[in-house]
Amino acid sequence: MDLSPAASLRSRVTIALGRAARTAARLRGGGSGGTALPGLVVERTDPGFLARTLGQLPHGVIVVSGTNGKTTTTKMVVQLLRDQGLRVLTNRSGSNFVRGVLASLLTEVDAGGRLDADIAVLELDEAHAVRFVELVRPRAALLLNVMRDQLDRFGEIDYTASLLRQVAAATTGVVVVNADDPRLAADHFLTGLTARSASFGAGEELRSLFLSDDDLRTGHTGSRAPRPESCPAPRVLLESIEDQRAVVTVDGQAHTIDFAIPGIHNMLNACAALGLCLEVLGDRADLPRLLTTLSAVEAAFGRGEVLELDGRRIQLALVKNPAGFRMSLLSAATATADEVVMIAINDEYADGRDMSWLWDVDFTGLRDGVAVVTGVRAWDMALRLRYEEVPVGAVEPDLDAALELLRAAAAAADDGRGRPMRVFTTYTAMLALRARLGQITDVEEAMA
């Protein structure tokens with residue numbers, strides 16, 4: 001859709017104001033420009049800018065939402081579609097609020113508001129996704145899971161599910177859901193949608209590995225209940241895992257993938273991304289190329305990201321709720337005995353203020369010891385580990401000081417030969433640690 005002269009003029013003014021705000025944010029020390037101020041300026045001065053700009057995309061908008069895995073899965077979808085020949089717009093800044101999307105658009109449009117893209121793939125926070133779809137109806141939605149997260153903000157998870165149901169209801173083409181999430185696959189969630197529905201999931205041998213929030217809360221870790229009849233059979237299933245190799249079935253045909261990305265949860269995210277792309281691309285999908293691309297995708301920043309520090313590997317694992325922490329611990333189960341471990345727990349707004357969920361995580365896999373516990377809630381985390389009889393080397397709330405303790409512990413391990421490091425960290429602690437690591441080693445820019 002081409003912009004009319006009047007719409008183009010309106011966009012020119014909005015873009016000039018937004019870019020001026022971005023420059024002002026930089027001058028005030030807002031990193032690479034920040035997203036809050038320029039996004040706010042665009043939002044307040046031109047409420048129609050979002051819909052007008054994204055309305056130009058010939059293949060529309062894809063929304064990726066859910067509690068866990070949004071950033072990594074969005075990165076996968078973007079890479080898959082680009083390797084299929086599409087020009088893809090995304091909110092690379094990692095800001096998954098509407099203002100973050102607006103700020104990202106400022107870097108992608110020309111001075112007249114025109115986009116050089118075919119399709120948009122946008123990661124959106126569950127609550128802000130509802131606000132987004134009131135402005136722009138997506139062509140496709142990928143809904144990953146519903147878990148307890150930021151309880152002070154979202155309350156109970158049935159409320160979070162209701163937010164994602166509003167996203168699904170606004171979607172025009174296809175809604176792809178996790179067939180093993182009891183809320184997203186439920187009859188009342190999928191019935192009555194305008195869009196067709198599709199799903200991804202885990203094979204029967206792995207379904208008990210990917211537990212729902214209800215399973216974690218009740219302690220039920222046995223066989224999973226059958227999928228609801230209204231949920232379409234998954235086109236893409238994660239059937240088996242051995243180290244970094246997985247068997248994935250697509251429409252009943254088995255394929256072996258050697259993943260570059262770490263973490264068993266990311267293998268399920270890969271199935272989600274593949275399932276979505278098959279639905280969006282339709283007959284144009286080049287499956288062998290999609291599988292090759294998927295095997296090469298690397299972790300998004302802070303989500304299993306592997307860096308080098310002092311000549312040794314340091315891996316950052318983002319944790320923010322019981323399910324996510326559990327999957328990170330499972331993924332690291334064979335490695336942590338050979339690694340020096342740090343846990344960094346903050347309770348800022350972006351982390352969620354309520355840290356009671358730490359008591360629902362099984363930390364017995366760390367009984368070889370945690371070298372350092374840090375962050376605003378370091379003492380809460382240390383107490384939780386003490387109840388689990390996990391030895392803790394040091395409790396240091398200051399993140400910079402804790403990182404130095406971790407480096408020292410890693411260097412001294414095994415009679416000075418040194419060992420690799422792993423950090424389990426909440427979101428704001430991860431950002432702070434990456435900033436510090438960026439001063440002493442090579443770190444990919446988090447902001448685009």
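**Close-up 1. Helix α13 is mostly covered in this predicted model**. Pro322, Ala323, Gly324 and Phe325 are among the buried residues. Met327, Ser328 and Leu329 are buried as well. An α-helix has 3.6 residues a turn, so residues three or four places apart point the same way.

**Close-up 2. Six strands build an open, mixed sheet**. The strand order is β10-β11-β15-β12-β13-β14. At the edges stand β10 (303–309) and β14 (392–396), each pairing on one side only. Neighbouring strands are turned by 20° against each other on average, direction ignored. Strands of a sheet pair through backbone hydrogen bonds, either parallel or antiparallel.

**Close-up 3. Strand β13 runs parallel to β14**. Strand β13 covers residues 370–374. It is joined to β14 by 4 bridges. Within this pairing, Val373 stands opposite Val395 of β14.

**Close-up 4. Helices α14 and α16 lie across strands of the sheet**. Helix α14 is formed by residues 378–387. It lies across β12 (340–344), β13 and β14. Its direction makes an angle of about 140° with β13. Helix α16 takes in residues 427–440. It lies across β10, β11 (312–318), β12 and β15 (421–425). Relative to β10, α16 runs at about 25°.

**Close-up 5. Glu339 is a buried loop residue**. Glu339 sits in the loop between α13 and β12. Its relative accessible area is 4%, under the 20% limit, and therefore Glu339 counts as buried. The Glu339 side chain makes a polar contact with the side chain of Arg313, at 3.0 Å. Leaving aside residues up to four places away in sequence, Glu339 touches Arg313, Arg419, Pro420 and Arg422.

**Close-up 6. Helices α6 and α8 pack against each other**. Helix α6 comprises residues 126–135, and helix α8 comprises residues 157–170. Their axes are 9 Å apart, at an angle of about 30°. Angles under 35 degrees count as roughly parallel, and α6 and α8 are therefore roughly parallel to each other. The crossing of α6 past α8 is left-handed. From α6, the contact is made by Glu126, Ala127, Ala129, Val130 and Val133. From α8, Thr160, Leu163, Leu164, Gln166, Val167 and Ala170 take part.

Note on methods. Residues are numbered from 1 along each chain as its sequence is written. This is a predicted model: local features need pLDDT of at least 70, side-chain atom pairs count only at pLDDT 80 or more; totals for chains, interfaces and linings use all residues. Side-chain values use heavy atoms; hydrogens and water are left out. Buried means under 20% relative accessible area, exposed over 50%, partly exposed in between (1.4 Å probe, protein chains only). Helices (H or I, at least four residues) and strands (E, at least two) are DSSP runs, numbered from the N terminus. Two strands pair if DSSP finds at least two bridges between them. Axes are lines fitted to C-alpha atoms, for helices over the stretch in contact, and angles run from 0 to 180 degrees between N-to-C directions. Contact means heavy atoms within 4.5 Å. A polar contact is a pair of N or O atoms within 3.5 Å; within protein, one must be able to donate a hydrogen and the other to accept it, and residues adjacent in sequence count only if both atoms are side-chain atoms. Angles under 35 degrees count as roughly parallel, over 145 as roughly antiparallel, 65 to 115 as roughly perpendicular and the rest as oblique. A crossing is left-handed if the near helix is turned anticlockwise from the far one by less than a right angle, and right-handed if clockwise.
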